Amino acid sequence: MPGINGIDLCKLVKTDRELMHIPFILLTGSSGEEARLKGIECGADDYINKPFEKELLLARVHSILQNRNNLQQYFFNEITHRPNTLKISRDDKEF
């Protein structure tokens, strides 16, 4: 990415109150442990080295989204004692 690296972009996203909820997976050619640690410390939800298997990326995306959905359901049902009644547009669901 010209002008910014993935770790800096992740920091910007994860410190923005309106964007911080967005899952972030770093796909990188840097395979060192120090780079991986920086990625996770900046708030990335996962860190995948290149080259990577498409199936692995899809599985990790699915897992992150499923875990967030489970947490959201738990929060609404067990903590607030109200069912999740969030209205999500069809376009957002498809996205």
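**View 1. A nonpolar surface patch formed by Leu71, Tyr74, Phe75 and Ile79**. In this predicted model, these four side chains make a patch of about 440 Å². Patch members have over 30% relative accessible area and no salt bridge, and nonpolar side chains (Val, Leu, Ile, Met, Phe, Trp, Tyr) are joined within 5 Å. A salt bridge here is a side-chain nitrogen of Lys or Arg within 4 Å of a carboxyl oxygen of Asp or Glu. Areas come from the Shrake-Rupley method with a 1.4 Å probe.

**View 2. Tyr74 in helix 3**. Tyr74 is partly exposed, at 47% relative accessible area (buried is under 20%, exposed over 50%, partly exposed in between).

**View 3. Helix 3, residues 54-79, end to end**. Its 26 residues reach 36 Å from first C-alpha to last, close to the expected 38 Å (1.5 Å times one less than the number of residues). Helices (H or I, at least four residues) and strands (E, at least two) are DSSP runs, numbered from the N terminus.

**View 4. The buried residues of helix 3**. Look here for Leu57, Ile64 and Phe76, which are buried. The buried residues of this helix pack against strand 1 (25-28) and strand 2 (46-49), where contact means heavy atoms within 4.5 Å.

View 5. Of the 95 residues, 17% count as buried.

Notes: residues are numbered from 1 along each chain as its sequence is written, and side-chain values use heavy atoms, leaving out hydrogens and water. Local features need pLDDT of at least 70 and side-chain atom pairs 80 or more, while totals for chains, interfaces and linings use all residues.

Notes. Buried means under 20% relative accessible area, exposed over 50%, partly exposed in between (1.4 Å probe, protein chains only). Patches are made of residues with over 30% relative accessible area and no salt bridge: like charges are joined within 9 Å, nonpolar side chains (Val, Leu, Ile, Met, Phe, Trp, Tyr) within 5 Å.
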